[in-house]
Amino acid sequence: MGPTLNRRSLLGAGTAALGAGAFGLATGRPALAQTTVSLQLSWLHSTQFAGSYIALDRGWWSENGLEVSLLPGGPNAPVEPPVVSGTALVGISAADYTAAAINQGAPFKIIGVAMQKNPFVIASLPDNPVNEPADLVGKRIGMALANTPVLEALCTLNGVDIDGIEIVPTQYSAQPLLAGEVDCLLCWETDLPVSMAMQGVESLTMLMADHGYAVHSQTYIATDDSLANRRDELVTLMSGEARGWEAYRGDTDAAARLTLEMHPDAGLDLETQMLQAARQVPLMFSGLTDANGFGWWTDETVAANIETLGLLGQTVTPDLWDRSILEEVHGT
Amino acid sequence: MTQTALDTAMAPTINRRGRAAVGPVLGLLAVLAGWEIAARVLTDAFVLAAPSEVLHYLVANWQLMTRALGVTLGNAAAGFVIGNLAAIWLAGIALVWPRSEGVITGLALLVFCLPLVATGPILRVLFGPGPGPQITLAAFAVYYTTLIPLLIGLRAAPESWFDLVRSYGRGRISTLVHVRSMAALPYLFAGLQIAAPAAFLGAMVGEFTGAERGMGVLTIRAIRALDVEMTWGLATVATAVSVLVYLAIGTLARRVLLDDPPVILATPAPTGRRYQDGWIDICLVLFLALGSWAGSIWLFDLNPFFAKGPQDVFDALFLATDAAATRGTIGMALMESAIFLIPGYFAGLVTGALLAMLLTLVPAIVGTAMPLAIALRSVPIVTTAPLVVLLIGRGALGTIVLVAIMVFFPTFVACLQGLRQAPAQVMSVFDSYAAGPLTCLLRVRIPAMLPAFFAAARMAVPASVLAVTVVEWLATGSGIGSLMALSASLSDYDVLWASVVLVAALSAFGYGLVGAVERRVLAIYAPEQLA
């Protein structure tokens, strides 16, 4: 909620009160408290956001006067609208989605980059491996048609002829690979390969980020308005995130256990979550973050992102990234 | 519309308990055996879990399932109550002020035709965190299927009853209490029965917009993790609950309803309507729809980044520099969807009508077929769509089958009821000439069935649109369902809103088209059915 009283906050408070009164559905969140903010996650609760759970659990936000609620996402929950409308102070998006939103007129900045390396991989099985982009030629790749620009960008970056690859439209599942309908999948390092490992199938993954596909992922976005007027809250929020993710890195198994403890109804499996948590670490931490701190970027990484985003059809300028909050967090 | 069809269909189970009660058991056993065999054959395909595996999963995770079920069922129940109360309220307005009926049903239809894929995120922004979208989508999913039968029911009494009330010098209130509400009850119960699985589906899809817990949350998790036991476990629980609620409402209906309702063949039209009233109503509906659309954006102060008004959509489709490209993209997607939707729609209608006729000719199998049909319809499409598509392929067949399943059941129930409404006197005449069951079916029952069939065919239009968009969104990644999901994730809200408008308008147009066909067909084959 914004600090000013407008039609929506009045109506919102009205409907909230009505709803709570009529159905006893109060969320337990104190309404309209100045220090209450929300962080809109990009997916359902899982170790993908375990750094935030650690910060919440250890009181690293509340001790600085900020009460943070973590709002789960889902397949039908775009992150940008709640951030634009003020329901969430910060949202977790990705550079390509944020660029698309900017080009549709959204007033966003990227204020932190959790995943330094984009998690997109080409997953294949050991007897028919894809170790580098050139291996894709002559293969059947299972992917959502919506991700065609991603494959096109990878091919352009590596001089591979995309016409040599047979794209088989599949839903987001490892099943077509296991059933032999395709030779490889376009997916995330941290989900389908983990599911396959849990089914006892070891797969090979080729990280697209290692072959020039530079798109910051799990990026923190905030509106220009929040950057101008709610800096303290942003700094406190991002500082808790940085601490939480450093703690996560120290013990990913503990982070996975905490995830299950805090979200017993999410239907998570501990072993799967531990594996996912461990596989996520190399994507999030690098020499760059070791030297400068969690979430960091440089002009060079931004330039690489702008180039890849251009291949994806999104033209953006370096202004999209605003490092001022991180600089305050890390005291540089 | 589908009034007491179930009562009559289930009657053998009640009346001739000894023989007919075997039917449902046989049906259930057949399903379980076929399921187990199929799962064992397909064990390496990672798409089907055997009943034994599902049972094992449910026993091991009963606490998780119970908590998730509690949340989703609670939201579905709240939406069910709100949606049905809204339907009763709207029907009340139409009764008190008959001139408003066309506008009310028109607006209600438009809202009912709004695609879930697109309304979910908008509701999430309106409500913020919490169960708001889940409850609202559940309410959206049920109100229309209650409103329409109720409107018919409130008038479905012989004129002589109204005369009787008038002869006692009593007014409209007495008519409402003593005649109309009594006449409407069977129709209300029929609507409530159909509403139960729909509310559950609505609540599950609502969870896709971001929820802490519930059956929908677990479904997403299960599908992503390739956990077939969990997926089929969820589908089993959701189906079982929907069937139980369905049967419970049926039982309640039989307790409450003392007599069979009088048979009214035709839907009595509101009195004093003229041809041009229809066109005035359509204009009023359009005017009010556009007005409330623009009005709510202003009232809720929605950000223009994602909230596009009528002017924005018009600009995007006709005035913007890329308007032609936008029209092309949406047009292509709509064509892709139509290729799946239309065969599925007709397959569902034909299967439903044929099965109803078959059951009329061979009543002995009613007890077996009916529970199967209810179960098939109650499986939440969001749980099984991705698996069905994996199982029978992402070509046309998978989508067509899922659309047909969504259309089949309401058609079947309506036709079964329609076939039973053949006038007894006419049947006696045929009997006295020793006409066989087939002759009776062709010459008496089918003409008597036509209004019910067409009512179902109309309602099936929005249902098939729901099915095709959900399958495209969650499984096949093609067509308008996928375009809407994709444009939401890429913040292309112009395309999203334009798609929503076109889908809703085309659904309403399809509904009207079926109505027009209905009038032509009835005029030829069953003129007595036209009031």
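**View 1. Strand 5 and strand 9 of chain A pair in the antiparallel sense.** Strand 5 (residues 120-124) meets strand 9 of chain A over 4 bridges, and Ala123(A) stands opposite Thr205(A) in strand 9 of chain A. The model shown here is predicted: local features need pLDDT of at least 70, side-chain atom pairs count only at pLDDT 80 or more, and totals for chains, interfaces and linings use all residues. Residues are numbered from 1 along each chain as its sequence is written, while chains are lettered from A and ligands numbered from 1 in the order in which they are written. Helices (H or I, at least four residues) and strands (E, at least two) are DSSP runs, numbered from the N terminus; two strands pair if DSSP finds at least two bridges between them.

**View 2. An open sheet of chain A has the strand order 2-1-3-10-4.** The sheet holds 5 strands and its pairing is mixed. Strand 2 (67-71) and strand 4 (108-115) of chain A each have a single partner strand, so one side of each is left without a neighbour in the sheet. Here the twist averages 25 degrees from one strand to the next. Strand 1 (residues 36-40) of chain A pairs with strand 2 of chain A in the parallel sense over 5 bridges, with Thr36(A) opposite Glu67(A) of strand 2 of chain A. Look next for helix 9 (residues 231-250) of chain A, which packs on the sheet and touches strand 1, strand 2, strand 3 (90-93), strand 4 and strand 10 (217-223) of chain A. The direction of helix 9 of chain A makes about 10 degrees with that of strand 4 of chain A. Two residues are in contact if their C-beta atoms, placed from the backbone, lie within 7 Å.

**View 3. Strand 4 and strand 10 of chain A run antiparallel.** The two strands are joined by 6 bridges, and Ile110(A) has Ile221(A) in strand 10 of chain A as its bridge partner. In strand 4 of chain A, 8 of the 8 residues are buried, so this strand is largely enclosed by the rest of the structure. A residue is buried if 20 or more other C-beta atoms lie within 10 Å of its own, exposed if 12 or fewer, and partly exposed in between, with C-beta atoms placed from the backbone. Strand 10 of chain A also contains Gln218(A), a residue other than glycine whose phi is positive, near 45 degrees. Gln218(A) counts as buried because it has 25 C-beta neighbours inside 10 Å.

**View 4. Chain A and chain B are in contact.** The contact involves 49 residues of chain A and 51 residues of chain B. On the side of chain A that touches chain B, helix 1 (7-23), strand 2, helix 3 (80-85), helix 4 (95-103) and helix 6 (175-178) of chain A each supply at least two residues. Helix 1 of chain A gives the most, with 6 residues. This side of chain A divides into 25 nonpolar, 19 polar and 5 charged residues. Ala, Val, Leu, Ile, Met, Phe, Trp, Tyr, Cys and Pro count as nonpolar, Asp, Glu, Lys and Arg as charged, and the others, Gly among them, as polar.

**View 5. Domain 1 and domain 2 of chain B touch each other.** Chain B has 22 helices and 0 strands, and is divided into domain 1 (62-271) and domain 2 (303-531), with bounds from an automatic or database domain assignment. The C-alpha centres of the two domains of chain B lie 18 Å apart. The contact takes 33 residues from domain 1 of chain B and 37 residues from domain 2 of chain B. Helix 12 of chain B gives the largest share of the domain 1 side, 8 residues. That side divides into 27 nonpolar, 6 polar and no charged residues.

**View 6. Ser491(B) has a positive phi although it is not a glycine.** The phi of Ser491(B) is about 60 degrees. Ser491(B) lies in the loop between helix 21 (479-489) and helix 22 (493-525) of chain B, and is buried, with 27 other C-beta atoms within 10 Å.

Notes. Axes are lines fitted to C-alpha atoms, for helices over the stretch in contact, and angles run from 0 to 180 degrees between N-to-C directions.
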